[in-house]
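Hello,

Here is the structure we talked about. Please open it first, then read the notes below.

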Amino acid sequence: MTRNFLLEETINIEVKYIKFSRENFIIAGAKILEGERQGEIIDILGEIINCRVGERYRVSGKFVNNPNYGLQFQVKYYEKERPNSPEQLISYLSNLGVKGIGEKTAAKIVERFGMDSLTVILKDFSQLTKIKGISFEKAESLYQKLKEEYLFEEAFNLLAPLNLEPHQIKTLLKFYREGLIEHLKENPYNPIHELYGFAFAPFDKLARDWHFPPNHLYRMKASIVYVLKEALEQGHVYLPLVEVYNKGLALLGEGFGPETLDEGLSVLLRTGEVCLERDRLYLKKLYDAEKTVARKVAFLLTITDKKINIKKPLNEVEKKLGISYDPLQKEALSLMFAEKKLFVLTGGPGTGKTTVIKGFIELYQRFFPKNKIALAAPTGRAAKRLSESTGMPAATIHRLLEPEGETRSGELLFRYNKYEPLPYDLIIIDEVSMLDLPLAAALFEAITPECRLVLVGDPNQLPPVGPGQLLKDLLAVEEIPRISLKTVFRQGEDAGIIEVAHRVLTGDWFELERLLGERMLEDVFFLPAKDTENITNLLLKVVKKLWENYGYSPEDIAVLSPMRKGALGVENLNVLLQKLFNGFETQEVKFFGTSFKVNDKVMQIKNNYERGEDGVFNGETGFIKKIIKSGDEEEIIVSFDGKNIKYRKTDLEELTLSYATTVHKAQGMEYPVVVLVLHNYHYPLLKRNLLYTAVTRAKKMLIVIGTTWALRQAVENIKEETRYSSLPERLGGVFKKGDLVEREG
Ligand SMILES: Nc1ncnc2c1ncn2[C@@H]1O[C@H](COP(=O)(O)OP(=O)(O)OP(=O)(O)O)[C@@H](O)[C@H]1O
């Protein structure tokens, strides 16, 4: 949102009704308040936060003629006007959404305090209690709401013209509260240091506006930290110093050389915000995490146990489970009882990883009946699957560690850590491909040296969303005991899916094309379609058929797309699928353009350890069971696997519709039916590991809809991003040079 908008006009309007709102984009009917068009009601379109009926705005933008809707005004910049008549004030107060402050009560307030009402509320809200029907609590809620509005407005007026997104402004306010502007004045780059996910440019512009010189130390420091945080978002644990300098100098613009950054770097090193090792620069948090994991892994490998011979009891276990393990599986089982306390089991779908784990637990319980075992996985769904297949309780790694609070910048603190280690003798972690470095560090730190650790996963899946690539890194260190299971044992209804998964892995496009083209497989279908419109239509037709004719419920069907945005992006598909599955439902709560309806399939999109009894975590899916409306309050009850969790309207930023989801978000999940859409415009993401991850999510049926080119591209593109991580070298060092890892002392 900038003010330099070609042919820009500015008009004053009053919002009469909201026609449409999505995220922060709205279309509203507004009355023009002055000028030639005074009194006309036209549509205004644009991003306006917390836009409410009755409010007045000064909007800048341009008039456009829409062939269907007539004259409209596209808003590029706006300023909310404070109410300046008693009627406006009443409308403003009653539309704030404070429980118990409707039009009548608002009128009483304005009657008593006149045009000073807002000042009175902000200065001394207890005065409101003089009015009959306004309790202290009600007055306080109104004060809180008003204060929030003012803070937001102040921040918005300062930051929105710098291209900061509204949700980012909210994040800043949540973190700095009333002190936001003060903190920015002190050092406009503070958020780059203290938070994640912010661009450099807005704060750089702010610093310029406030006359901080371009070679200011703050700017040098922030550019380095920004470059490292950007690298973290891309999965890197560190960046080579030369890359930091190149990227940092590109940010600073012309006229700067490495020597200007040197000063910033030495301050950051002195204060410990970043760490330099050889030519590798780390954010401290990731440096510590990497060292923790390396130290613990080294420790688990150096302190050894007595090897146990499992030959005889294994026969009994095989009899009990009615299975005969193949030689590789037997070797895996025997290594799990070897001297070293860390073991990594890998393999694609259906290769018997779970079957080996089951046998291992059986054996372990025979040898150590009193020992305590914990099973965990990075996501709730993966933990549930692990629990179902082993018949033992399994938790997410978060729950295993028991979050107890979080730091100001949102990092979780756990009950179990190096001071209070996890009370288990054996820990088995599944889906380790999804485990990122910070969570791995928290886990490893909380493991006692006596504990045995078995890690299970498939390294061909996508790497974790967070930084690092633990599983791949561990596999790169030859001293770490591991077995990679190869034979596919599963011969059920998903045989075709497994065959396709293996063909994808080997990049066997011609065979795959033949299998799909000749419809050789019972459970995999490729429906070629060219443009996004055809793909969408076909998708809706297919999903409708699956639902109405084949009896699959929305819960059973996962529509996967590589991206969030665009015609075939998850956001768009969710709106279409909601209409299909739940179009007639009328009970809804609107939240920034998303309509949440009863029966909708939803996903939690951030970890919240305080929600419900033991937290709801990123990636958990559920269904909206109930919407409760009382007065101005709206609440939603979501059932996650039978567990009912309450969300207030303001909590809805934690939820998203999940009829469709990205392949990245579907990692670790399994669904009876996967419908995957692929189009040429997904090009940057069309990679083998993404396709493999999508394919292996399907248990009974896989349907791919899209262009042949996109599918082939995904099969053949093996360019995986390289993630900078020193873990393999650090661990290699233990066995060779011993220079990068400190032994546990
Ligand atoms: N040695 C074996 N002999 C016969 N059947 C086996 C053997 N090992 C595994 N199976 C069978 O193969 C199927 C797949 O095994 P399992 O579920 O353990 O694989 P997985 O690697 O965990 O798969 P996924 O990653 O897809 O969950 C199961 O039905 C299992 O009973």
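**What was found**

N574 counts as buried, because its relative accessibility is 4%. Buried means under 20% relative accessible area, exposed over 50%, and partly exposed in between (1.4 Å probe, protein chains only). N574 sits in helix 23 (residues 570-582). Helices (H or I, at least four residues) and strands (E, at least two) are DSSP runs, numbered from the N terminus. A polar atom of the N574 side chain lies 2.9 Å from the backbone oxygen of L657. Leaving aside neighbours within four places in sequence, N574 is in contact (heavy atoms within 4.5 Å) with L657, S658, Y659 and A660.

A word on the source. This is a predicted model: local features need pLDDT of at least 70, side-chain atom pairs count only at pLDDT 80 or more, and totals for chains, interfaces and linings use all residues. Residues are numbered from 1 along each chain as its sequence is written, and side-chain values use heavy atoms, with hydrogens and water left out.

Now the ligand. Of the 16 residues around the ligand (a heavy atom within 4 Å), Q329, G350, K353, T354 and T355 come nearest. A nitrogen atom of the ligand is 2.8 Å from an N or O atom in the Q329 side chain. A polar backbone atom of G350 is 3.0 Å from a ligand oxygen atom. A polar side-chain atom of K353 lies 2.8 Å from an oxygen atom of the ligand. Taken alone, the ligand exposes 630 Å² (Shrake-Rupley method, 1.4 Å probe), and the protein buries 72% of that.

Q329 also belongs to helix 14 (residues 327-336), where Q329, A332, L333 and M336 are buried. Seen down the axis of helix 14, its buried residues fall within an arc of 95 degrees, so they line one face of the helix. The arc is that of the directions from the helix axis to the C-beta atoms.

Next, aromatic pairs. The whole structure has 23 of them. Rings of Phe, Tyr and Trp (its six-membered ring) pair if their centres lie within 6.5 Å; planes under 30 degrees apart count as stacked, over 60 as edge-to-face and the rest as tilted. F125 and Y143 are stacked, at 4.9 Å centre to centre and 25 degrees between the planes. Both F125 and Y143 are buried. W547 and F581 have ring centres 4.9 Å apart and planes at 75 degrees, so that pair is edge-to-face.

Which residues form one aromatic cluster? They are F337, F360, Y364, F367 and F368.

Best wishes

Methods:
A polar contact is a pair of N or O atoms within 3.5 Å; within protein, one must be able to donate a hydrogen and the other to accept it, and residues adjacent in sequence count only if both atoms are side-chain atoms.
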